[in-house]
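Let's take a walk through this structure together. Have a look at the picture first, and then we can go through it piece by piece.

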Amino acid sequence: MDLDTALTGKPAEGASATEILRADHCEARRLFAEYRKAADDGHARAVIAQSLCMQLELHDAIERDVFYPALRQIDAEWTTRASEAHAKIAAATERVRTAADAGEPLADAIDALESLVDEHVRDEEEHVFPKVDAQREFSSGELGRALIRRKEELTRSTEYFEGPAT
Ligand SMILES: [Fe+2]
Ligand SMILES: [Fe+2]
């Protein structure tokens, strides 16, 4: 990944699946760091926490919908373990969102979320991305394009973020 990509969090056109997912991981790490830097500014922290939740939910969705079904062909056992980690992260994300919405203190919920995300991201980047990159059909741009397409579909869908219309 080049410096521009690392700074903007946006992978280049034609990026591989793992480059796209690593860029998402970088963005999540950046938001955790930004949250810490906001120190005593409760409003800023709540806004950053909401961005973080949205970022993690999108990442969860594109991995579950596109990446993990492909990954299951390489390592089914790991994929099952990863899906369990995602469920825990989703529950921890929801706790952060609920606290941020209610204007409640976020520190404990953020700490719990960060440690789950750290552990899973390390597992993903160290144990499974190298296996994916070694497979020609997954390191080509096609899986990357499918991830981007899914992300675009989700970000266009207001239902995804606001819940179904009533
Ligand atoms: Fe990931
Ligand atoms: Fe994941």
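**A walk through the helices**

Let's begin at one residue: E34 is partly exposed, because 15 other C-beta atoms lie within 10 Å. (For the cut-offs: a residue is buried if 20 or more other C-beta atoms lie within 10 Å of its own, exposed if 12 or fewer, and partly exposed in between, with C-beta atoms placed from the backbone.) You'll find E34 in helix α2. Between E34 and L52 there are 10.0 Å in space, C-alpha to C-alpha, and the two are 18 residues apart in sequence.

Before going further, a word on what you're looking at. This is a predicted model, in which local features need pLDDT of at least 70, side-chain atom pairs count only at pLDDT 80 or more, and totals for chains, interfaces and linings use all residues. Residues are numbered from 1 along each chain as its sequence is written, while chains are lettered from A and ligands numbered from 1 in the order in which they are written.

How confident is the predictor in each residue? That's what pLDDT tells you, on a scale from 0 to 100. The chain's mean pLDDT is 88, and 88% of its residues reach 70 or more. Residues 1-7 are another story: pLDDT stays under 50 there, and the model has 8 contacts beyond four places in sequence for them. A contact here means that the C-beta atoms of two residues, placed from the backbone, lie within 7 Å.

Now for the overall layout. The chain has 8 helices and 0 strands, so from the N terminus on you read α-α-α-α-α-α-α-α, given that helices (H or I, at least four residues) and strands (E, at least two) are DSSP runs numbered from the N terminus. Of the 166 residues in the chain, 27% are buried. Looking at contacts in the chain with a separation of 6 or more, 62% come from residues 24 or more positions apart.

Next, how do the helices sit against one another? Two packed helices are described by the angle between their axes and the distance between the axes. The axes are lines fitted to C-alpha atoms, for helices over the stretch in contact, and angles run from 0 to 180 degrees between N-to-C directions.

Take α2 (residues 17-37) and α7 (residues 141-156): their axes come within 7 Å and cross at roughly 40 degrees. That makes α2 oblique to α7, since angles under 35 degrees count as roughly parallel, over 145 as roughly antiparallel, 65 to 115 as roughly perpendicular and the rest as oblique. On the α2 side the contact is made by A17, E19 and I20, and on the α7 side by L143, G144, L147 and I148. By class, that's 5 nonpolar, 1 polar and 1 charged. (Ala, Val, Leu, Ile, Met, Phe, Trp, Tyr, Cys and Pro count as nonpolar, Asp, Glu, Lys and Arg as charged, and the others, Gly among them, as polar.)

Helix α7 also meets α3, with axes that come within 9 Å and cross at roughly 145 degrees. From α3 the contact takes in L58, A61, I62, D65, V66, F67 and A70, and from α7 it takes in L143, A146, L147, R150, K151 and L154. Here the classes come to 10 nonpolar, no polar and 3 charged residues.

Helix α3 has α4 (residues 76-102) as a packing partner too, at an angle of about 160 degrees and with the axes 10 Å apart. The two helices are therefore roughly antiparallel to each other. Among the residues that meet are A46, A49 and C53 in α3 and T79, A82 and I89 in α4. This contact divides into 11 nonpolar, 5 polar and 4 charged residues.

Let's finish with a few single residues. Q55, in helix α3, is partly exposed, with 17 other C-beta atoms within 10 Å. Leaving aside neighbours within four places in sequence, Q55 is in contact with E27, A28 and L31. Q55 and D24 are 31 residues apart along the chain, yet their C-alpha atoms are separated by 7.7 Å.

H43 is also in α3, which covers residues 42-71. H43 counts as exposed, because it has 9 C-beta neighbours inside 10 Å. Its C-alpha atom is 8.5 Å from that of G103, 60 residues apart along the chain.

Lastly, which residue sits in the loop between α2 and α3? That's A39. Phi of A39 is near 45 degrees, a positive value in a residue other than glycine. With 9 C-beta neighbours inside 10 Å, A39 counts as exposed.

Key
pLDDT is the predictor's confidence in each residue, from 0 to 100.
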